[in-house]
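Please look over the chain shown below before reading on. The paragraphs after it go from single residues to the whole fold.

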Amino acid sequence: MKAIQDQIPNNHCYGCGADNPRGMQIKSFYDGTVSRCTYMPKPEQSAGPEAFVYGGTIASLIDCHSVGTAIAAFYEKEGRAIGAGDAIWCVTGRLTVNYLAPTPIDREIRMEARIETLAEKKAVLKTQLYSGDTLTAEGEVIAVRVPLEWRGDG
């Protein structure tokens, strides 16, 4: 199975863009029900205490994993493979993150995103972020589908 991000051309997003070699390069895999992603934090992504992941990094991971999942769901809703035909793009309409426990920086992060609602131009997703078996953060993302002109090259 190919990652969602590897099927979206011309994506230079810092968190999820496969075309951004200096970005986080997250890889999400959607099975039609749940989308999964693992990520190994880097030492420079630390909070004040170096043993924990910076909250902004956690928010970025939840945001990018969720929006990528929304894009995949919109393609699926139209019966198309990701990247087939006219590109589908979404942006973050709202991101809410609840930090439940510190996220250790020396362990892999695991995320699971689920679509709560999928309308014509909006998806609402719930995403959980784990370190080991511990749920350390959860987020809700509203992803808004935007026209190709949004990119400035469509």
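Predicted model: local features only at pLDDT ≥ 70, side-chain atom pairs only at ≥ 80, totals over all residues.

In which element does alanine 59 lie? Alanine 59 is part of helix H1. Alanine 59 has a relative accessible area of 14%; the cut-off for a buried residue is under 20%, so alanine 59 counts as buried. Once neighbours within four places in sequence are set aside, the contacts of alanine 59 are Leu95, Val97 and Tyr99. Between alanine 59 and glycine 139 there are 80 residues of sequence separation, yet their C-alpha atoms are 8.0 Å apart in space.

Helix H1 covers residues 55-77 and strand E2 covers residues 34-39, and glutamine 45 sits in the loop between them. Is glutamine 45 buried or exposed? Its relative accessible area is 6%, and therefore glutamine 45 is classed as buried. The side chain of glutamine 45 comes to 2.8 Å from the backbone nitrogen of lysine 42. Beyond the neighbours within four places in sequence, glutamine 45 is in contact with Tyr14, Met24, Tyr39, Phe52, Val53, Tyr54, Thr57 and Ile105.

Strand E1 spans residues 28-30, and serine 28 belongs to it. The relative accessible area of serine 28 is 0%, so this residue is buried. Which side chain makes a polar contact with the side chain of serine 28? The partner is the side chain of histidine 65, at 2.7 Å. Isoleucine 62 is 34 residues from serine 28 in sequence, with a C-alpha to C-alpha distance of 11 Å.

Serine 131 is in strand E5, which runs over residues 122-131. Its relative accessibility is 4%, which means that serine 131 is buried. Leaving out residues up to four places away in sequence, serine 131 touches Thr103, Pro104, Arg107, Glu108 and Thr136.

These residues can now be placed in the fold as a whole. Of the contacts with a separation of 6 or more, 61% join residues 24 or more positions apart. Buried residues account for 43% of the 154 in the protein.

The overall dimensions come next. For 154 residues, a compact globule would have a radius of gyration near 15 Å, and the protein agrees with this because its own value is 15 Å. The C-alpha trace extends about 45 × 30 × 30 Å along the principal axes.

The accessible surface is about 7800 Å², and carbon and sulfur atoms hold 51% of it. The protein carries 16 positive and 19 negative side chains. How far apart are the centres of the two sets? They lie 2 Å apart.

How values were computed
Residues numbered from 1 in each chain as written. Heavy atoms only, no water. Helix = DSSP H or I, 4+ residues; strand = E, 2+ residues; numbered from the N terminus. Buried < 20%, exposed > 50% of the residue type's maximum accessible area, 1.4 Å probe, protein only. Polar contact = N/O pair within 3.5 Å; in protein donor to acceptor, adjacent residues only side chain to side chain. Contact = heavy atoms within 4.5 Å. Rg over C-alpha atoms; globule rule 2.2 N^0.38 Å. Areas by Shrake-Rupley, 256 points an atom, 1.4 Å probe, with all protein chains shown as cover. Lys, Arg positive; Asp, Glu negative; His and termini not counted. Charge placed at Lys NZ, Arg CZ, Asp CG, Glu CD.
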